[in-house]
Amino acid sequence: MTRNLQADVRGAVARHLETDLSLGLRETPLHSPRPVIRKLQILTADKVAQRQTALAAINERVGQCTRCGLAKTRTKTVPGQGNPAARLVFVGEAPGRDEDQQGLAFVGRAGQLLTKMIEAMGLTRDEVYICNILKCRPPENRDPAPDEISNCWPYLDEQLRIIQPEVIVALGKPASQTLLRTKEGIGRLRGVWQEYYTSGSSAVGEPTPLMPTFHPAYLLRSPTEKGKAWSDLKQVMTRLGLPITR
Ligand code: URA
């Protein structure tokens, strides 16, 4: 077929379809519309403002918290930050040195890798919420002590009840074990959908789907495990209807 003939045929088909559409004989347009990629929850401005106020009130209480010994050693509290309308919340273990200095979660080396992971999902840090189980840095980045977790836990639980995310990603063993109240290792937990019940109780509302995956600090030490973490995040993307292009 010559180029002119091809163009004529295409034009005739397009006119035919347009006629059908204008007569209401067809419902699909010539080019199907781009899929809508929803990065945030659909909320009224009032609702977002209410959530912002509620989250700010938690930050205020965290800022004055003296429930455990970490109050004496911290530089700044690190309540967490992000979008109150986030569909996705990342929960890590506890602030490190950089976080303690800046009062922001995941801003050190592990945080830079987390940023790359979020961006690989087609999102930005401003479109998700990022926080930790502990709101203060344990000295020398030691593991959180059980009393520190139980004292700090209500703040995180309240944040999750306010944000009502569609999915929670638990980063690493302490976050996964705390949120799921289990002693199971991260190697067995990761990559398998779990359920988070607010206040750990199945009596309080519907559970939130939770995906445990490796902590970015572990991925920096063991880069060969990155593929597993990416496959966990792709499951999250599928659940949220985000396009997977790689
Ligand atoms: N590791 C964490 O678990 N949280 C941070 O905020 C930084 C490093």
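**A cavity, an enclosed strand and a buried glutamate**

The largest cavity in this predicted model has a volume of about 110 Å³. The count of cavities of 30 Å³ or more comes to one. Its lining is made up of 15 residues, and those lying nearest the centre are Cys65, Cys68, Cys136, Cys152 and Tyr155. Two elements, helix 3 (70-73) and helix 6 (146-163), each give two or more residues to this lining. Helix 6 supplies the largest share, with four residues.

Next comes strand 6. Six of the six residues in this strand (residues 208-213) are buried, so the rest of the structure largely encloses it. That goes for both faces: Thr208, Leu210 and Pro212 are buried on one side, and Pro209, Met211 and Thr213 are buried on the other. Strand 6 also has pairing partners. With strand 4 (residues 167-171) it pairs in the parallel sense, over four bridges, and here leucine 210 is the bridge partner of isoleucine 168. With strand 5 (residues 194-196) the pairing is antiparallel and runs over three bridges; in this case threonine 208 of strand 6 has tyrosine 196 standing opposite.

Finally, there is a charged residue to look at. Glutamate 127 sits in the loop that links helix 5 (109-120) and strand 3 (129-132). This glutamate is buried, yet it has no salt bridge. Lys39 does turn up among the contacts of glutamate 127, along with Leu40, Asn83, Ala86, Arg87 and Gly122, once neighbours within four places in sequence are left aside.

Definitions and conventions
Residues are numbered from 1 along each chain as its sequence is written. This is a predicted model: local features need pLDDT of at least 70, side-chain atom pairs count only at pLDDT 80 or more; totals for chains, interfaces and linings use all residues. Side-chain values use heavy atoms; hydrogens and water are left out. Buried means under 20% relative accessible area, exposed over 50%, partly exposed in between (1.4 Å probe, protein chains only). Lys and Arg count as positive and Asp and Glu as negative; His and the chain ends are not counted. A salt bridge is a side-chain nitrogen of Lys or Arg within 4 Å of a carboxyl oxygen of Asp or Glu. Contact means heavy atoms within 4.5 Å. Two strands pair if DSSP finds at least two bridges between them. On a 1 Å grid over the protein atoms alone, a cavity is a set of points where a 1.4 Å probe fits but cannot get out, and a pocket is an open set with protein on both sides within 12 Å along at least five of seven lines; lining residues have an atom within 4 Å of a point. Grid points are joined across faces, edges and corners, and a volume is the space filled by probe spheres set on the points.
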